[in-house]
Amino acid sequence: MELRFTESELAFREEVRAFIAAELPDATRQHLISGKSPTKEMVADWQKKLNKRGWAAPEWPVAHGGPGWSPAQKYIFREELQMWPAPSPLGFNINMCGPVIIEFGTPEQKARFLPRMLNLDDWWCQGFSEPGAGSDLASVMTKAVLENGQWVINGQKTWTTLAQHADWIFVLARTDPAAKKQEGISFLLVDMKTPGVTVRPIITIEGGHEVNEVFFDDVKIPADQLVGQVNKGWDCAKFLLGNERFGQARVGASRERIRRLKTIAKETMDGGRPLIEDPEFRRQVTEMEIELKALEMTVMRVIANETKRAGTGKPDPTTSVLKIKGTEIQQGVSELLMKAAGPYAWVDGDPDAEGTNEWDVAPDWAFGLAGIYFNWRKQSIYGGSNEIQRNIMAKAFLGL
Amino acid sequence: MDFDLNESQSLLQDSVRKSLTAKYGFEHRKAYMASETGWSREMWAQYAELGLLGLPFAEEDGGFGGGPEETMLVAEQMGRHITLEPWFSTVVLGGGFLRHGASVALRQELVPAVASGEALMALAQTERQSRYDLFDVQTTAKKDGDGYVITGRKGMVLHGDTADWFVVSARVSGGQRDKGGIGLFLVAAKTAGVDVRGFRTVDGARAAEVDFTNARTYAVLGEPEGGLPILDRVVDEAIAALAAEAVGAMDVVHNMTLDYMKTRQQFGKIIGTFQALQHRAADMLVALEQSRSMSFFATMAAQGSEPDERRRNMHAVKAQIGRSQRFVGQQSIQLHGGIAMTMEYGAGHYFKRLTVNEATFGDADHHLRALADAGGLLQAA
């Protein structure tokens, strides 16, 4: 039993920190500290820098451009990015579609798509959810029919994150309407410029444009843009979702937010003294820190198990714990940040908008905090809602 | 980072598990509780034989050189069987004071006696007004010849009714809540001026109210007026052991609850098929797994050499595990329903032990407030 990082892991952390310090533009960092989502250019610029360094895809096999890191190194890398804060490698490319192509794709698909994914020459988005298929993903209705050597796609996707930036979309479509629910689904790759693809923005409650509806109207794609076997797309989907082991814990991101919260609470006055001196407020901050410490150790345990489980394909019972606790903490901290801002949280500032607060109507740090609070309510809904996580735990791990 | 046991740790865990599984079932425990001492001398002898009583001591002192990880493993097994013997008082607390406060000569005298099971120890620290503050001490120690004499009343002395030795916190100088001027003294139970009134605690264990009236000390542990840092350190190590014990007990009572949910029928259905109950059981698992993580953290953090940081970390451990064990304990009763309200069923006994464990050296509220007042775990940025 060795419950600490080794010397070489600590040295690796320094290496990561030094790289971020040298390469990340300060404007990007300040943009993220203020709570805004990174712009497309910021993400692309950073992804190219990571790719140049060989760090674009921590989880990928070395043969396809991965760095060959241990689970602990991957953890350290992810946390350091979140804590700085710096943009993470683009999840759609690196954690979602890329691994599916590596696992199920043909040699031609790998050569065609993977290098461009690494370098963010193509921005991908995920076409899974539909109006009638949210947490119940296998209910997809979008259809694809093979006609004259082409797949013809008709249907609608929704909650498609950052589709407005995307060059490509990976789509779950029903290819055998007669088959049972999970069977008869296929995994298709669609160029967003293909005629018949329409993107319509969905504006979320905080005012941001993050998600979209994507419509497919007789969209024709070549047959070689199907990944894996026809009607076996559910295997790809399960594989993709199963890769999401500890991404949702976001310990580094919460740590960064709590440290920010403490600074704000020191500078904000409440009842004639700094807010941090209010015992009730301080207690609520401390509760978050304590749960985060436990979560951090839980992530370590999952990582340690990861090494042992490699190849067994068995899910880890603690994965759902990471999702539930990770999102509860992030939501809790965003709520405390909003509380800290008090009435100055009320300015309606779309956190993605440019040049906000130029009339100085609120302290800069308070501007947009409410937006994050409202936006982050999504965390316990997406990626398998926290209620779905409890269902999974009950069935898979508790035997109920 | 590596959470796996090495070979000797696996052997240790197996031997404790086997021994307790064979001799610490529900009926055994009931019989031990009803015995004269309120716990089993036979099991105590077995712990000695297994090497558990000498485990954390250095080999040159007559121990087996085990570290905090080994103590964690033993504590978890003790928690799984909610054992009644004075292992925590004698080995974790008493042993901690011997390791961190005793002279070489004193260690060589007492460690072999502890390791063989002959010497039982107890910490006499709590006072009526002190609640969870280790530094709040009215009991006095007055210089008398080459030793000291102790006068004062100590309460909730765990396993005080069978102890051969008391480690007593007493004030040599300063006011009731001064952090300086506190000494730790070893007092033999049979010394004149020591009056012990034993009783059973709600978790089935034993404790005592102990009056010291000009009772002569046998030895000073550490500096006569500088005992508090040692007391803090030993209590921090004890908190790590309590954390592991709580995890063991939570795990058992959670599984007991799941087993019941899989068999009990109501309205013609197995109650484990009801989603409201499934989600509660899942939340119990979240609490348990977070606590297990925190127990590892406790074992690591209790070794910290920087006292303020160590204290902050242990506050976090007690607050997180304290809340979790309260939740898991209460919900195990709720999900069972009426059956768990009976003395004849196991869950209630685990709930009671978890309740006492939570408040030992401070409940979750106490530690949450203490950590908040100390500035929390993370620096502002």
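Tutor: A nonpolar core here is a set of buried nonpolar-type residues such as Leu, Phe, Ile and Ala, joined through C-beta atoms within 7 Å. The model is predicted.

Student: Which residues touch the most other members of the largest nonpolar core?

Tutor: A:Leu188, B:Phe185, B:Ile239 and B:Ala243 do, in a core of 220 residues. Helix H7 (residues 228-263) of chain B gives the most to this core, 19 residues.

Student: What makes up the surroundings of A:Leu188?

Tutor: Leaving out residues up to four places away in sequence, A:Leu188 touches A:Ala144, A:Trp151, A:Ile153, A:Val171, A:Ala173, A:Ile221, A:Gln225 and A:Leu226. To touch, C-beta atoms must lie within 7 Å.

Student: Why is B:Val196 called partly exposed?

Tutor: Count the other C-beta atoms within 10 Å: B:Val196 has 17. Buried needs 20 or more, and exposed means 12 or fewer. The count of 17 falls in between, so B:Val196 is partly exposed.

Student: Where is B:Val196 found, and what does B:Val196 touch?

Tutor: B:Val196 is in strand E6 (residues 194-200) of chain B. Beyond four places in sequence, B:Val196 touches B:Gly160, B:Asp161, B:Ala189, B:Ala208 and B:Val210. As for B:Val91, 105 residues apart from B:Val196 along the chain, the two C-alpha atoms are separated by 21 Å.

Student: How do you know that the span of helix H8 of chain B is close to the expected one?

Tutor: Helix H8 (residues 275-301) of chain B has 27 residues.

Student: Why is H8(B) described as largely enclosed?

Tutor: Of its 27 residues, 20 are buried, so the rest of the structure largely encloses H8(B).

Student: What makes the radius of gyration of chain A agree with a compact globule?

Tutor: For 400 residues the globule rule gives a value near 21 Å. Chain A has 22 Å, which agrees. Its C-alpha trace spans about 75 × 55 × 50 Å along the principal axes. In chain A, 46% of the 400 residues count as buried. The chain holds 12 helices and 10 strands.

Student: How many of the contacts in chain A join residues at least 24 apart?

Tutor: Among contacts between residues at least 6 apart in sequence, 70% do.

Student: What are the domains of chain A, and how do you know that domains 1 and 3 touch?

Tutor: The assignment gives domain 1 (7-89), domain 2 (124-231) and domain 3 (244-397). In chain A, 14 residues of domain 1 are in contact with 16 residues of domain 3. Helix H4 (residues 71-83) of chain A supplies the largest share of the domain 1 side, 8 residues. That side divides into 6 nonpolar, 4 polar and 4 charged residues.

Student: Which helix of chain A gives the most to the side that touches chain B?

Tutor: Take the contact as a whole: 41 residues of chain A meet 39 residues of chain B. H9(A) gives the most to the chain A side, with 17 residues. By type, that side has 20 nonpolar, 5 polar and 16 charged residues.

Student: How many residues join domains 2 and 3 of chain B, and how far apart are the domain centres?

Tutor: The C-alpha centres of domain 2 and domain 3 of chain B lie 29 Å apart.

Key:
Residues numbered from 1 in each chain as written. Chains lettered and ligands numbered in written order. Predicted model: local features only at pLDDT ≥ 70, side-chain atom pairs only at ≥ 80, totals over all residues. Helix = DSSP H or I, 4+ residues; strand = E, 2+ residues; numbered from the N terminus. Contact = placed C-beta atoms within 7 Å. Domains from an automatic or database assignment. Nonpolar A, V, L, I, M, F, W, Y, C, P; charged D, E, K, R; others polar. Expected span 1.5 Å × (residues − 1). Rg over C-alpha atoms; globule rule 2.2 N^0.38 Å.
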